[in-house]
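Me: Got a structure open here and a few quick things to ask. Can we go through them one at a time?
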Amino acid sequence: MRKKWMAMATAVILISGCASAEPANTNVQRSEINPLTGVESSDTEHRTMAVVVSNHPFARPQTALDEADMVYEVLTEGGITRFLALYQSEYPDKIGPVRSARDYFIDLAEGYNALFLAHGYSPEAQEILLSGEIDQLNGIQYDGDVFKRDSSRKAPHNSYVDVEEALDMAEQKGYSLDTAPSRLSFLSNKEKMSLTGEPAAAFSIRPSSNDLFESAYEFDGDSYHRSIGGTDIEADNIFIIEADHRVVDAKGRLDIDLKSGGDAFLIQDGVLNLVRWRNQNGRIIPYTENGAAFVPGKTWIHVLPASRGLNKAVNVEIDGEGNGS
């Protein structure tokens, strides 16, 4: 059984601007706006593909991680982070290295009705996946066809999704592939231009005591950049949430409360604001009483332990010195 924690939300910190349900160019038909990025697109009728991607140093640089529309970065065992990469605007040819599923990755993927791909699973994730509850392909069953091994890397960091094979197998299993998710809300250009907050041109995030998984972002005046194994990752929204984490077994596996909401930093267009996060139909989104939303573009969502806290885990540089947020 998946655990559903219910906790009461606390105070909301307001930011300027109102979250609009319309994209920056309101003359564009709704069907021509990518549902995960809010950017104009000529073809939006794809199903979201959600892939669990390794962030172990031996897995870097990853393949096609920079092409994802949205990425969740979440802790697994031992202070190691792992990615859930969501692809909808376009499918790359190859994605990976792919790692094993956790139940909270499945929950996040379900928020976008995604085709879920992983290689392996925790006991709880295995129960969910093999129940037929969601459409999924796993390397345990499809090693060698959908999931190809790279001989230049050592297991378990050498499994890659062959996307064409994955789509063929999904069709064979009767999975729908042409149903796009409902669109997220995005700020209009006018709302984006009126954003205010604390300056955040450069900052770092350290979700655990393991400094191998610290991430550093820099704003170039248009978007944020981060290097992972030498690959440039570009994002327009960095959404950092804190949630309760609880170790549940001897292997250090985690139960993460992604239902109750809590404090969050929303960093976009060079500024940071303290907001709240909430789970809306399986999606982690920002909100305030006055409204908050993503700016059009790619989004990275970092899930941090509440016990560590935003102020300890996030360090914003001011004139070259960190202020600890």
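Me: Is Asn113 buried or exposed, or in between?
Reply: This is a predicted model. In it, Asn113 counts as partly exposed, at 43% relative accessibility.

Me: Where is Asn113?
Reply: In the loop between helix 1 and strand 5 (115-118).

Me: What's its phi?
Reply: Near 50° for Asn113, a positive value in a residue other than glycine. Most residues other than glycine have a negative phi.

Me: What about Asp269, what phi there?
Reply: Near 55°, again positive and again not a glycine. Asp269 is in the loop between strand 17 (262-268) and strand 18. It is partly exposed, with a relative accessible area of 29%.

Me: New topic. Which peptide bond at Pro61 is cis?
Reply: The one joining Arg60 and Pro61, with omega about -5°. Pro61 sits in the loop between strand 1 (49-54) and strand 2 (70-75).

Me: And what is omega from Gly96 to Pro97?
Reply: Near 0°, so that bond is cis, whereas most peptide bonds are trans. Pro97 is in the loop between strand 4 and helix 1 (103-110).

Me: What does His157 touch?
Reply: Leaving aside neighbours within four places in sequence, His157 is in contact with Ser54, His56, Phe58, Ala59, Pro97 and Arg99. Its side chain also has a polar contact of 3.5 Å with the side chain of Ser54.

Me: How far is His157 from Arg60?
Reply: 9.1 Å, C-alpha to C-alpha, and 97 residues apart in sequence.

Me: Is His157 buried or exposed?
Reply: Buried, at 7% relative accessibility. His157 belongs to the loop between strand 7 and strand 8.

Me: How do strand 7 and strand 8 pair?
Reply: Antiparallel, over three bridges. Arg149 has Ser159 in strand 8 as its bridge partner.

Me: What's the strand order in that sheet?
Reply: 4-8-7, in an open antiparallel sheet of three strands. Strand 4 (94-95) and strand 7 (147-149) are at the edges with a single partner strand each, so one side of each has no neighbour in the sheet.

Me: Which helix lies across those strands?
Reply: Helix 4 (residues 163-172).

Me: What are the partners of its side chain?
Reply: A polar atom of the Asn237 side chain is 2.8 Å from the backbone oxygen of Val295. Beyond four places in sequence, Asn237 touches residues including Ile267, Gln268, Phe294 and Trp300.

Me: Pockets next. What is the volume of the largest pocket?
Reply: About 300 Å³. It has 18 lining residues, with Arg183, Leu184, Ser185, Gln280 and Ile285 nearest its centre.

Me: Which strand gives the largest share of that lining?
Reply: Strand 19, with four residues. Strand 18 (271-280) and strand 19 (283-287) each supply at least two.

Me: Last one. How many helices and strands in the protein?
Reply: Six helices and 22 strands. Of the 325 residues, 54% count as buried.

Note on methods:
Residues numbered from 1 in each chain as written. Predicted model: local features only at pLDDT ≥ 70, side-chain atom pairs only at ≥ 80, totals over all residues. Heavy atoms only, no water. Pairing = 2+ DSSP bridges. Contact = heavy atoms within 4.5 Å. Axes fitted to C-alpha atoms, helices over the stretch in contact; angles between N-to-C directions. Polar contact = N/O pair within 3.5 Å; in protein donor to acceptor, adjacent residues only side chain to side chain. 1 Å grid on protein atoms, 1.4 Å probe; cavity = no way out; pocket = protein on both sides within 12 Å on 5 of 7 lines; lining within 4 Å. Points joined across faces, edges and corners; volume = space filled by probe spheres on them. Buried < 20%, exposed > 50% of the residue type's maximum accessible area, 1.4 Å probe, protein only.
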